[in-house]
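Welcome! Please take a moment to look over the sequence and the model before reading on.

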Amino acid sequence: MQLIRSIPLLLFVFLAYNAVILTGTGNLDGVLFQGTLLSGAQWLFTTSDLLLTLALVALGGEVVKSTRSGNASVIDHALSMLLFVAFLVEFIAYSAAGTSTFFLMTLMSFIDVLAGFTVTISSARRDVGYN
């Protein structure tokens, strides 16, 4: 059960992006919603926007998860690091992942890794009382 709680939330966005790209039916520029704002500007919400929105929400959840203490945080960090490596390798090696959307999701994964380690180190320093 502990391993299930440690699964990085950004993994689901990673899988969703790959599902959109691999199915061949998915278009990152496909308009999911459009509307007119009070200013008269036309607002288009695309598949790419949806993926980035989900990634931001997942990143927020990951930052909250990084505040947990105990053995689960070690597994959390390891899985987040592996996911970041998967994002990076796919971005570099797979042409369909060579988009700004995927780059920003890779950056969010990197921020997740940094935030997790920073929170853990800060809390460990506080627990030990080292200044």
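## The cavity

Please keep in mind that this is a predicted model. Rolling a probe the size of a water molecule over the atoms shows where empty space is left. The structure holds 1 cavity of 30 Å³ or more, and the volume of the largest cavity is about 50 Å³.

Which residues line the largest cavity? They are Glu62, Lys65, Ser66, Asp76, His77, Ser80, Asp112, Val113 and Gly116. By type, the lining divides into 1 nonpolar residue, 4 polar and 4 charged. At least two lining residues come from each of helix 3 (47–65), helix 4 (71–93) and helix 5 (100–128).

## Helix 4

Let us turn to one of the helices that supply the lining. Helix 4 has 23 residues, which at 1.5 Å a residue should span 33 Å; its end C-alpha atoms are 34 Å apart, so the two values agree.

Several places along helix 4 are buried: Ala72, Ser73, Asp76, His77, Ser80, Leu83, Phe84, Phe87 and Glu90. An α-helix has 3.6 residues a turn, so residues three or four places apart point the same way. Among the buried residues of helix 4 are Asp76, His77 and Ser80, and these also belong to the lining of the largest cavity.

## Lys65

Is Lys65 buried or exposed? Lys65, a residue of helix 3, counts as buried because its relative accessibility is 13%, under the 20% cut-off.

The side chain of Lys65 has polar partners. One is the side chain of Glu62, with which it makes a polar contact at 3.2 Å. Leaving out residues up to four places away in sequence, Lys65 touches Arg5, Ser6, Ile7, Pro8, Leu9 and Asp76. Both Lys65 and Glu62 are part of the cavity lining.

## Arg68

Where does Arg68 sit? You will find Arg68 in the loop between helix 3 and helix 4. Its relative accessible area is 28%, so Arg68 is partly exposed.

Apart from neighbours within four places in sequence, Arg68 is in contact with Arg5, Ser6, Ser73 and Asp76. Of these, Arg5, Ser6 and Asp76 are also touched by Lys65. Between Arg68 and Met81 there is a separation of 13 residues in sequence and, from C-alpha to C-alpha, 17 Å in space.

Terms used
Residues are numbered from 1 along each chain as its sequence is written. This is a predicted model: local features need pLDDT of at least 70, side-chain atom pairs count only at pLDDT 80 or more; totals for chains, interfaces and linings use all residues. Side-chain values use heavy atoms; hydrogens and water are left out. On a 1 Å grid over the protein atoms alone, a cavity is a set of points where a 1.4 Å probe fits but cannot get out, and a pocket is an open set with protein on both sides within 12 Å along at least five of seven lines; lining residues have an atom within 4 Å of a point. Grid points are joined across faces, edges and corners, and a volume is the space filled by probe spheres set on the points. Helices (H or I, at least four residues) and strands (E, at least two) are DSSP runs, numbered from the N terminus. Ala, Val, Leu, Ile, Met, Phe, Trp, Tyr, Cys and Pro count as nonpolar, Asp, Glu, Lys and Arg as charged, and the others, Gly among them, as polar. Buried means under 20% relative accessible area, exposed over 50%, partly exposed in between (1.4 Å probe, protein chains only). Contact means heavy atoms within 4.5 Å. The expected span of a helix is 1.5 Å times one less than its number of residues. A polar contact is a pair of N or O atoms within 3.5 Å; within protein, one must be able to donate a hydrogen and the other to accept it, and residues adjacent in sequence count only if both atoms are side-chain atoms.
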